[in-house]
Amino acid sequence: MSFFGFGQSAELELVLSDAESRRRGEHKTEEGKKEKYFLFYDGETVSGRVVLTLKYPNKRKEHQGIKVEFIGQIELYYDRGNHHEFVSLVKDLARPGEFTQSQTFDFEFTHVEKPYESYTGQNVKLRYFLRATVSRRLNDVVKEMDIVVHTLSTYPELNSSIKMEVGIEDCLHIEFEYNKSKYHLKDVIVGKIYFLLVRIKIKHMEIDIIKRETTGTGPNVYHENDTIAKYEIMDGAPVRGESIPIRLFLAGYELTPTMRDINKKFSVRYYLNLVLIDEEERRYFKQQEVVLWRKGDIVRKSMSHQAAIASQRFEGTSSHTEAKTPSQPAENNGRQ
């Protein structure tokens, strides 16, 4: 290999210019392991240097040019041969020529658009990475460095409560209410469940957080449901008129923001699934979609304060009886 070209006689390294100060973010790999990568946001500049190290200095090495790329791509696991690139930036660092000693090349991608959040799922992966390449006639020397991108959102202006009913005629009638329809990833879901009619013996009740990943289009659509959390609300039989409070902390779970129709390739949605099980092991359930979003660190204090006020207002106005629930227009009312 060394006789014909670079082979093992040269190494490439990518170094970010702010590597010492830049935060790192945890991200799950395809194997399910958590690893830390440098964390970036949309619009941030990506800069650094490519270090070419020759193991045998003073020996001439020909090359066809050196370049560095910033790439954002989506890979569908059932179609691994095709990588769908939505960001592709290239900087040429050196023209074709010869090397006789190790060299360093600076690069900068200014205010790079990074429209989507990094994501590794059951059937799809969205990744951003830097790739340095020394072009050769026979074999290129390539080095890649993955980074993680988080997308930030602002506090939603409209965030109405969710109020729904679940019922079986003359047997069961319950009403449940969640204080909001949109939650940030460290938020608390506050709610109440009212038992208006109970004529069947319920022995267990829980709320599940379900992540639904959808990939593909048309007839080639794949759905993957993953139960992220199970939160037990009640173990035992309720009585008519009883009200059970819900307080579910999201910070302890592995969640991503809601992702809708990302580059027309995939979506990730979250649902709250209310499950009731009676003594004969029959299951009654009602699913409701909620929107998850990532909150920026800069405005964390003010947003937490707003969230706390919203929670207190909801708990203060809600009561054990239906008559005293907030007089907001009900959303997504349904019966099952």
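Tryptophan 293 has a relative accessibility of 6% in this predicted model, and because residues under 20% are classed as buried, tryptophan 293 counts as buried. The residue belongs to strand 22, which covers residues 283–293. Although tryptophan 293 and leucine 255 are 38 residues apart along the chain, their C-alpha atoms are separated by 9.6 Å.

Burial is also seen in strand 14, which is made up of residues 172–178 and is mostly covered, with seven of its seven residues buried. In a regular strand, the side chains alternate between the two faces of the sheet. In strand 14, Leu172, Ile174, Phe176 and Tyr178 point one way, while His173, Glu175 and Glu177 point the other way, and all of these residues are buried.

Strand 14 pairs with strand 13 (residues 162–168) in the antiparallel sense, over seven bridges, and within this pairing valine 166 stands opposite isoleucine 174.

Elsewhere in the chain, three strands form an open sheet with the order 1-4-9 and antiparallel pairing. Strand 1 (10–16) and strand 9 (103–109) stand at the edges and each has a single partner strand, so that one side of each is left without a neighbour in the sheet. From one strand to the next, the twist averages 20°. The pairing between strand 1 and strand 4 (residues 46–54) is antiparallel and runs over seven bridges, with alanine 10 standing opposite leucine 54 of strand 4.

Among the elements of the chain, strand 10 (residues 119–120) has the highest mean pLDDT, 96, whereas helix 1 (residues 300–317) has the lowest, 46. Over residues 298–307 the pLDDT stays under 50, and the model has eleven contacts beyond four places in sequence for this stretch. The pLDDT is also below 50 over residues 316–336, a stretch with 47 contacts in the model beyond near neighbours in sequence. Where pLDDT is low, the predicted coordinates should not be read in detail.

Key: Residues numbered from 1 in each chain as written. Predicted model: local features only at pLDDT ≥ 70, side-chain atom pairs only at ≥ 80, totals over all residues. Heavy atoms only, no water. Pairing = 2+ DSSP bridges. Helix = DSSP H or I, 4+ residues; strand = E, 2+ residues; numbered from the N terminus. Axes fitted to C-alpha atoms, helices over the stretch in contact; angles between N-to-C directions. Buried < 20%, exposed > 50% of the residue type's maximum accessible area, 1.4 Å probe, protein only. pLDDT = per-residue confidence, 0-100. Contact = heavy atoms within 4.5 Å.
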